[in-house]
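New page in my notebook.

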Amino acid sequence: MTVPLPPPNRIYLLRHAEAAWAEPGQRDFDRPLNEKGFGDAEIIADKAADKGYRPDLLISSTALRCRDTADAVYRAIGLSLEVRYVDALYNATVDNYLEIVDSQDVAAVMLVGHNPTMEQTLEALIGSEAMVGALPGGFPTAGLAVVDFDASATAWRLIDFLVV
């Protein structure tokens, strides 16, 4: 596993909001957000916008619950935000997430994806000790990690974690 170096200088990791249970015969991929999830996605997107968090590029899993979450961010942050939907973020490994981030030539990128990969990606960036200290209960749905590259330490640092 290779941890990316800048660019980007900032990585936003957003776990999709709470999804509905699958209906009989429905694929996991097609599960939408539930009512709470839709509300939480709007709240976390608004919190991010209020703090001035603005990625240059949002990359979302193509799973419906991630697209629903990404839509809330798009509405809150602005219609000029570039959004890409990538199949490779669904059922992906940490290496997939890191490779996608590393291949971007923008200052700030946001991934909207799934656990446990989202949590594992944050841990790969900031280390186990910082991860456990910041999120002892794990990476919650609709949680947004803001990770910056600290050039003086040549390391990634968690600078903020937003929750609903």
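**Starting at M1**

I began with M1, which touches V94, D95, L98 and A124, leaving aside residues up to four places away in sequence; contact means heavy atoms within 4.5 Å. This is a predicted model, where local features need pLDDT of at least 70 and side-chain atom pairs count only at pLDDT 80 or more, while totals for chains, interfaces and linings use all residues. Residues are numbered from 1 along each chain as its sequence is written, and side-chain values use heavy atoms, with hydrogens and water left out.

Is M1 buried or exposed? I found M1 exposed, at 64% relative accessible area (buried is under 20%, exposed over 50%, partly exposed in between, with a 1.4 Å probe and protein chains only).

**Helix α4**

Next I looked at α4, residues 117-126, and noted its buried residues: T117, M118, T121, L122, L125 and I126. They are on the same side of α4, because they cover an arc of only 155 degrees around the axis (taken from the directions from the helix axis to the C-beta atoms). Helices here are DSSP runs of H or I, at least four residues, and strands are runs of E, at least two, numbered from the N terminus.

What do these buried residues pack against? I listed β1 (10-15), α3 (94-102), β4 (108-113), α5 (128-134), β5 (144-150) and β6 (155-162).

Just past α4, I spotted G127 with a positive phi of about 95 degrees.
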